[in-house]
Amino acid sequence: MVTCPTRQQSSDVWLSRCTSYDQAMIGEILDKAVLHYLPQQWFHGRTILLKPNLVSLHASSLAITEPDFILAAARWFTDQGCKVSIGDSPAFGSCRSILRRHGVEQKLQDMGVTIADFSDAVQVRLSQGTQLSISRQVLESELVVNMPRVKAHGQMYVTLGVKNLFGIVNGIRKAGLHFSHGESTSRFAELILALHEQVPQLLNICDGVVAMNGTGPISGRPLELGCLAVSDNAVALDSALLSVLELPHHRSPLWIAAQSGAMDGWEVEKINYVCLHPGYFHPSGFTAPDRLVPIRFSIVHVVRSLIKRGLHFFRQTPKK
């Protein structure tokens, strides 16, 4: 059993205007925003894990962290002399197959970025009592760079920094957690918040250049929000982005759970905006679901998912 050390967090959130996925533009923002949290000399030789949102092999590019956004971040960290890897545990498909489908697998490998499959898991006990297995690479990396995309979400209202960390759980285990916890949005939110506490050193870089709104997290409408957000505190990041999106905080199950647990970052008035204020992005034009629908996978759904993942693994295994 692994116990996570206490993580130091600030209440600082860096909001920047970013109107395109031009890698030079994103790199210039990261030069200022990332170095606000960690000094440049810290990065050389460090093991860095990029954790984007790669929700499913069959999802559109709008449903995942934008591939060019991923490339820009990977370039920035490799330029600092970091040993960079990238990983996620999608609902269907692998991290590698999704990156390949969207045309960035080879480009990342050409930079020297290693692609992780999160198959090596470590058992942990969360603060709210749930026992589960998460990626060993997440626990052993010196910095996890959480890279969500701003999206509406049918169960959690929006998916931002905290929700994206659900992807450190192996894909089929996520289905099991949906089965055991998904019937209640509040219970599921408490689990996700407890899971996010397990990441020892975390930096959040959020892709809000083009958001998905209306529905989600798979199908929704594009919205040119033009925002890039950075924080070392995922709860504060989410609180700030709810303000950017002009959404009532109390509609977010994750924000309510953070408030109930008195977690650092839930108090909107205590957030320190280092660059731009949320009002800069108003009116945002963002819409989220009017009614949240709990997602509890049936046992049939879980078994079907196991079969599909087994077939996918078999097809991907090289023939001798």
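1. Buried here means under 20% relative accessible area. By that cut-off, 57% of the 320 residues of the protein chain count as buried. The model is predicted.

2. Overall make-up. The protein chain has 11 helices and 12 strands. Consider its contacts with a separation of 6 or more: 78% of them are accounted for by residues 24 or more positions apart.

3. Helices H1 and H2. H1 covers residues 23-37 and H2 covers residues 67-79. Their axes come within 9 Å and cross at roughly 55°. H1 is therefore oblique to H2. The crossing of H1 and H2 is right-handed.

4. Residues at the H1–H2 contact. H1 contributes Gln23, Ile26, Gly27, Leu30, Asp31, Val34 and Leu35. From H2 come Asp68, Phe69, Leu71, Ala72, Ala73 and Trp76. By class, the contact of H1 with H2 has 9 nonpolar, 2 polar and 2 charged residues.

5. Helices H8 and H10. H8 runs over residues 185-196, H10 over residues 253-260. The two pack at an angle of about 65°, and their axes are 8 Å apart. Angles of 65 to 115 degrees count as roughly perpendicular, so H8 is roughly perpendicular to H10. The crossing of H8 and H10 is right-handed.

6. Residues at the H8–H10 contact. On the H8 side are Thr185, Ala189, Glu190, Ile192 and Leu193. On the H10 side are Pro253, Leu254, Ala257 and Ala258. The contact of H8 with H10 divides into 7 nonpolar, 1 polar and 1 charged residues.

7. Arg149: buried or exposed? Arg149 sits in strand E8, residues 149-153. Its relative accessibility is 1%, so Arg149 counts as buried.

8. Surroundings of Arg149. Neighbours within four places in sequence are left aside here. Arg149 is then in contact with Tyr21, Ser61, Leu62, Ile64, Thr65, Glu66, Thr159, Asp207 and Val210. What lies 2.7 Å from a polar atom of the Arg149 side chain? The backbone oxygen of Ile64 does.

9. Arg149 and Leu160. These residues are 11 apart along the chain. Their C-alpha atoms are separated by 6.5 Å.

10. Points to look at in the model. For helix packing, view the right-handed crossing of H1 and H2, then the right-handed crossing of H8 and H10. For a single side chain, view Arg149, which counts as buried at 1% relative accessibility, with the backbone oxygen of Ile64 at 2.7 Å from one of its side-chain polar atoms.

Notes
Residues are numbered from 1 along each chain as its sequence is written. This is a predicted model: local features need pLDDT of at least 70, side-chain atom pairs count only at pLDDT 80 or more; totals for chains, interfaces and linings use all residues. Side-chain values use heavy atoms; hydrogens and water are left out. Axes are lines fitted to C-alpha atoms, for helices over the stretch in contact, and angles run from 0 to 180 degrees between N-to-C directions. Helices (H or I, at least four residues) and strands (E, at least two) are DSSP runs, numbered from the N terminus. Angles under 35 degrees count as roughly parallel, over 145 as roughly antiparallel, 65 to 115 as roughly perpendicular and the rest as oblique. A crossing is left-handed if the near helix is turned anticlockwise from the far one by less than a right angle, and right-handed if clockwise. Contact means heavy atoms within 4.5 Å. Ala, Val, Leu, Ile, Met, Phe, Trp, Tyr, Cys and Pro count as nonpolar, Asp, Glu, Lys and Arg as charged, and the others, Gly among them, as polar. Buried means under 20% relative accessible area, exposed over 50%, partly exposed in between (1.4 Å probe, protein chains only). A polar contact is a pair of N or O atoms within 3.5 Å; within protein, one must be able to donate a hydrogen and the other to accept it, and residues adjacent in sequence count only if both atoms are side-chain atoms.
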